[in-house]
Structures are given as C-alpha cells and as structure tokens.
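Student: I would like to learn how to read the features of a structural model, taking them one at a time. Could you give me the general idea in each case and then the example at hand?

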Amino acid sequence: MSDREELLEEACEALVVFLRRSVPSLAGTVSHMGLTLHQFRALVILYAEDGCTTTDLADAVGVHPSVATGIVQRMVQRGIFDRHEDPDDRRIRRLSLTAEGRELAQEVVGTARVQRRAQLAALDDEQLAQIRGALETMTAGLAATRSAV
C-alpha cells in the first residue's frame, strides 16, 4: 500500500470514528424532538433538497427504498412532509416540507449546528481553516461526481 493509500485509509477511519462517536449525542437530541435518526436525516435532506423523490431520499439516507417509504409515510401522517405529483411526469411523486416541517427542520438544523460548533471548537484557527478548505474541496468533488453520473 502506498503512503497516500495508507493516509486515505487512516483519514477515512478517523472520520468514521468521529461520526460514530458524535451520533449518540445527536440521537438524544433528536429523540427529544420526537424523531428517529432516519427521520432526522430525511428531514435535513428534504430541507436541503426540496422536491426529491422517495428513491432519492432512500439513497441519501442510506436505506432501502421500502424503509424510506415507511419514513415518508410516518412523516406525512405527522404533517411534516407532503407528497405531490411531478408536473412533468405524473407517475413520479415529489416530497416537500409542510410549513410545520420547515419549522421543525430549522429547529433541528439549528440544534445540530450548535453541537457541531461545540465539536469544532476543539480546533485552533489554522485547523478550522484547513478543515473548511478540505470540506469545500470534498463538496466540489461530490458535485463533479454527480454531474458525471
């Protein structure tokens, strides 16, 4: 394994460990809001990408489409999500947030932001600038990957 390959593996592992360890505090917070972690992720994704389909949501949350269907159904029943026909293809159902859903999403995103800020506060200014740059580069890479598919 080359030095770069080893560094990539170590960076991936460090990211997975960080995310795994940061999830329990987030799980406690979202459960007080009456959400499961999957519902939380679905809410945040729909907040960022209004108009996606259940299949899109399943891919983004990382669950099987049948699981996403259950998540969507529960969120529709709670008045958080709305399903509507795609204007260009009546076979497709698009998802959007209701007014109540948008309010909840803003609260959830705000709470998650406070937790992430507290976690990032452990970094000094140089490290913060580096991580910001790295995340911007990674995000640009995601956009390039999506347009290539």
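Predicted model: local features only at pLDDT ≥ 70, side-chain atom pairs only at ≥ 80, totals over all residues.

Student: What share of the residues in the chain is buried?

Tutor: A residue is called buried under 20% relative accessible area, exposed over 50%, and partly exposed in between, with a 1.4 Å probe and protein chains only. Of the 149 residues in the chain, 25% are buried. Ala42 in helix H2 is a buried case because its relative accessibility is 0%, and Ile71, which lies in helix H4 (residues 65-77), is buried as well because its value is 3%.

Student: Which residues does Ala42 contact beyond its neighbours in sequence?

Tutor: Contact means heavy atoms within 4.5 Å. Leaving aside neighbours within four places in sequence, Ala42 is in contact with Leu57, Val61, Ile71 and Phe81, and Ile71 in turn touches His38, Gln39 and Ala42 when residues up to four places away are not counted. By contrast, the C-alpha atoms of Ile71 and Arg132, 61 residues apart along the chain, are separated by 32 Å. For the chain, among contacts between residues at least 6 apart in sequence, 52% join residues at least 24 apart.

Student: Where is Thr53 found, and is Thr53 buried or exposed?

Tutor: Thr53 sits in the loop between H2 and helix H3 (54-61), and Thr53 counts as buried because its relative accessibility is 14%. Apart from neighbours within four places in sequence, Thr53 is in contact with Ile92, Arg93, Arg94 and Leu95. Two of these, Ile92 and Arg93, are also touched by Glu85, a residue of strand S1 (residues 81-85) that counts as partly exposed at 42% relative accessibility.

Student: How many salt bridges does a search of the whole structure find?

Tutor: Side chains of opposite charge can pair when their charged atoms come close. The criterion for a salt bridge is a side-chain nitrogen of Lys or Arg within 4 Å of a carboxyl oxygen of Asp or Glu, and the search finds two. In one, Arg94 pairs with Asp86, the closest N and O atoms being 2.7 Å apart; Arg94 is partly exposed at 23% relative accessible area, whereas Asp86 is buried at 7%. In the other, Asp89 pairs with Arg91 at 2.9 Å between the closest N and O atoms, and Arg91 is exposed, with a relative accessible area of 73%.

Student: Which residues make the nonpolar surface patch?

Tutor: Patches are made of residues with over 30% relative accessible area and no salt bridge, like charges being joined within 9 Å and nonpolar side chains (Val, Leu, Ile, Met, Phe, Trp, Tyr) within 5 Å. Accessible areas come from the Shrake-Rupley method with a 1.4 Å probe, and for residues only the protein chains shown count as cover. Here Leu120, Leu128, Ile131, Leu135 and Met138 make a nonpolar patch of about 410 Å², with the largest share, four residues, coming from helix H6 (residues 125-148).

Student: Which residues lie nearest the centre of the largest pocket?

Tutor: Rolling a probe the size of a water molecule over the atoms shows where empty space is left. On a 1 Å grid over the protein atoms alone, a cavity is a set of points where a 1.4 Å probe fits but cannot get out, whereas a pocket is an open set with protein on both sides within 12 Å along at least five of seven lines, and lining residues have an atom within 4 Å of a point. Grid points are joined across faces, edges and corners, and a volume is the space filled by probe spheres set on the points. The largest pocket holds about 2,000 Å³ and is lined by 39 residues, of which Leu15, Phe18, Leu19, Arg116 and Leu135 lie nearest its centre. Helices H1 (3-32), H2 (37-48), H5 (99-120) and H6 are the elements that give two or more residues to this lining, and H6 supplies the largest share, 12 residues.

Definitions and conventions. Residues numbered from 1 in each chain as written. Heavy atoms only, no water.
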